[in-house]
Amino acid sequence: NESQPIVIRKNTFANFGEAPEDAGCAMNMYCQPDYGGSLGLIEDNVFRDGVSGAGFMAGIRLSGPAAMRRNRFTRLDPPNAPDVYAFHGSGPVRDTVVLRDNLFDPDGLAADADLSVIDASFNWWGDSTGPYHPVLNPQGQGGEVGSLVAFDHWYTDTSFLIVPDPRLPLPREAQLEVYPNP
């Protein structure tokens with residue numbers, strides 16, 4: 001039985017992590033290893049003004065293969081908590097999270113992994129020098145990446161990567177008519 005991937009698109013996650021039930025992050029996704037398939041696609045979202053009370057997570061925590069594209073991570077605290085964190089579940093194979101066309105503010109830890117791999121080519125790390133990595137890119141002034149984050153290329157011009165804020169005004173009232181009404 002193959003599971004269908006979850007698609008999370010065009011949302012704004014803001015002011016999260018303050019309540020105890022938030023677990024300190026906007027999203028915590030876990031894939032059962034026996035089901036196979038992809039955990040999900042997370043695209044065109046904005047993650048902003050998050051606070052991790054535990055200091056462990058600031059944005060998204062993933063266990064399972066997933067793709068993230070065209071998301072924006074801004075003003076997430078504390079700086080030592082990763083915006084994107086991939087961890088290995090109980091399955092025998094390392095999971096891979098793919099990051100493409102995402103925008104990270106330069107302050108703090110942008111992406112990190114624990115026994116999983118993050119393929120993070122072609123993202124904006126907040127500076128044209130690319131992400132900071134103490135060995136692979138020590139001159140990078142952008143967001144920091146962990147040792148299990150593969151980054152070969154990064155964008156230096158972000159004019160085409162503008163992610164609109166997906167907030168839509170909600171109506172104050174709504175009316176629903178059902179016919180026939182029993």
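Okay, let's start with a salt bridge: Glu-43 pairs with Arg-69, and the closest N and O atoms sit 2.5 Å apart. These two come from distant parts of the chain, with Glu-43 in strand S4 (residues 40-43) and Arg-69 in strand S7, 26 residues apart. Bear in mind that this is a predicted model.

Arg-69 is partly exposed, at 33%.

Arg-9, Glu-43, Asp-44, Arg-69 and Arg-70 are linked in a network of salt bridges. The structure as a whole holds eight salt bridges.

Here are another two. Asp-49 and Arg-75 meet through their side chains, at 2.6 Å from N to O. Again, distant parts of the chain are linked: Asp-49 is in the loop between strand S5 (46-48) and strand S6 (60-63), while Arg-75 is in the loop between strand S8 (72-74) and strand S9 (84-87). Arg-75 is partly exposed, at 48%.

Then there's Arg-72 with Asp-105, a salt bridge at 3.3 Å, N to O. Arg-72 is in strand S8, and Asp-105 is in the loop between strand S11 (103-104) and strand S12 (109-114), 33 residues apart. Arg-72 is partly exposed too, with a relative accessible area of 31%.

Now, the sheet. You've got six strands in an open sheet with parallel pairing, in the order S1-S4-S7-S10-S13-S15. At the edges are strand S1 (6-9) and strand S15 (149-150), each pairing on one side only. Strand S7 (residues 66-69) runs parallel to strand S10 (residues 96-100), and four bridges join them. In that stretch, Ala-67 stands opposite Val-98 in S10.

Technical notes:
Residues numbered from 1 in each chain as written. Predicted model: local features only at pLDDT ≥ 70, side-chain atom pairs only at ≥ 80, totals over all residues. Heavy atoms only, no water. Pairing = 2+ DSSP bridges. Salt bridge = Lys/Arg side-chain N within 4 Å of Asp/Glu carboxyl O. Buried < 20%, exposed > 50% of the residue type's maximum accessible area, 1.4 Å probe, protein only.
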